[in-house]
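Here is a friendly walk through one protein chain, written for a reader who likes to see the cut-offs next to the values. Please keep the viewer open as you read.

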Amino acid sequence: MLTPERHRLILAELKEKSIVKIQDLVDLTNTSESTIRRDLTLLEEGKFLKRVHGGAARLLGKLQEPSMTEKSTKNLQPKRRIAQYAASLVEEGDCIYLDAGSTVMEMVPFLPKNIVVVTNGLMHVKPLLEHDIPMYLIGGFAKPKTNAIIGRGALASLELYRFDKCFMGVNGIHTQFGYTTPDQEEAMIKQMAISLSREAFVLSDETKFSEIAFAKIGDLHEASIITGELSIEIKEQYMSKTTIKVVTE
């Protein structure tokens with residue numbers, strides 16, 4: 001089978017299933033695993049798909065943004081492992097920023113008590129209060145879809161603080177285009193929080209790698225990445241750009 005025909009079949013399969021395994025593509029095209037891996041690399045370089053552990057996934061639209069309800073029910077175990085490790089980096093006496101996000105929210109039960117938290121995440125308020133952790137909620141517009149505080153008021157109040165560490169959620173992580181999110185106003189909040197922090201960490205599972213959303217937050221080197229199971233190929237692409245911690249258990 002010629003290369004263009006294989007590529008057409010791979011993309012058609014992705015359009016139908018969103019995620020495909022390498023072995024399924026081997027069976028579909030009647031070619032070797034090494035050939036399929038080369039095909040996936042070429043298609044990823046052409047921005048037609050993204051590589052994931054054991055296969056490939058369809059790229060999301062630049063403005064596509066899952067709601068907080070949708071995000072909070074997906075990949076719970078990997079998110080909790082990532083969050084628990086992230087929380088272990090917080091020391092007694094730290095002042096930290098928690099970005100709005102489902103993975104960041106999972107950090108709260110593991111945080112030490114003698115800290116101060118600043119956040120724009122409405123989803124963090126109740127668990128932080130329940131765990132008796134001192135908290136400041138920045139002001140601004142409450143965005144219903146992501147439960148995030150954004151806008152001019154949020155930027156103005158955020159500027160009053162400085163942080164030891166910040167923990168961020170993103171929608172896209174890309175070697176060339178860095179960290180991105182669909183909403184430019186959320187991107188501005190995330191960007192400022194990173195700039196006000198001594199250390200910055202992005203919490204993400206593998207699905208965000210190679211994605212590119214509409215609004216840029218920052219370059220890869222501006223934050224370390226804490227993630228779950230990651231293929232060797234993907235890890236090698238990113239480890240020269242920033243620090244990556246893979247948490248699998």
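Which residues form one aromatic cluster? Tyr97, Tyr136, Tyr161 and Phe163 do.

Before going further, a word on conventions. This is a predicted model, in which local features need pLDDT of at least 70, side-chain atom pairs count only at pLDDT 80 or more, and totals for chains, interfaces and linings use all residues. Residues are numbered from 1 along each chain as its sequence is written, and side-chain values use heavy atoms, with hydrogens and water left out.

**Aromatic pairs**

A pair of aromatic rings is described by the distance of the centres and the angle of the planes. Rings of Phe, Tyr and Trp (its six-membered ring) pair if their centres lie within 6.5 Å; planes under 30 degrees apart count as stacked, over 60 as edge-to-face and the rest as tilted.

| Pair | Centre distance | Plane angle | Class |
|---|---|---|---|
| Tyrosine 161 and phenylalanine 163 | 6.4 Å | 25° | stacked |
| Phenylalanine 209 and tyrosine 238 | 5.0 Å | 85° | edge-to-face |

Phenylalanine 209 sits in the loop between strand 12 (197-203) and strand 13 (215-218), while tyrosine 238 belongs to helix 10 (residues 232-239), so this pair ties together parts that are 29 residues apart in sequence. Helices (H or I, at least four residues) and strands (E, at least two) are DSSP runs, numbered from the N terminus.

How accessible are these rings? Buried means under 20% relative accessible area, exposed over 50%, and partly exposed in between (1.4 Å probe, protein chains only). Tyrosine 161 is partly exposed at 24%, whereas phenylalanine 163 is buried at 5%. Phenylalanine 209 and tyrosine 238 are both buried.

In what order do the seven strands of the open sheet run? The order is 6-5-4-9-12-14-15, with parallel pairing. Its edge strands are strand 6 (135-137) and strand 15 (244-246), each of which pairs on one side only. From one strand to the next, the twist averages 20°.

Two strands pair if DSSP finds at least two bridges between them. Strand 5 (residues 116-119) is joined to strand 6 by three bridges, and valine 117 stands opposite methionine 135 in strand 6. Valine 117 is also the bridge partner, in strand 5, of isoleucine 96. Four bridges join strand 4 (residues 95-98) to strand 5, and three join strand 4 to strand 9. In strand 9, tyrosine 97 has cysteine 166 as its bridge partner.

**Two helices in contact**

Helix 1 (residues 3-17) and helix 3 (residues 33-45) have axes that come within 11 Å and cross at roughly 75°. Axes are lines fitted to C-alpha atoms, for helices over the stretch in contact, and angles run from 0 to 180 degrees between N-to-C directions. The two helices are therefore roughly perpendicular to each other (65 to 115 degrees; under 35 counts as roughly parallel, over 145 as roughly antiparallel and the rest as oblique). Thr3, Arg6, His7, Ile10 and Leu11 in helix 1 meet Thr35, Ile36, Asp39, Leu40, Leu42 and Leu43 in helix 3, where contact means heavy atoms within 4.5 Å.

**A buried threonine**

Threonine 180 lies in strand 11 (residues 178-181) and is buried, with a relative accessible area of 4%.
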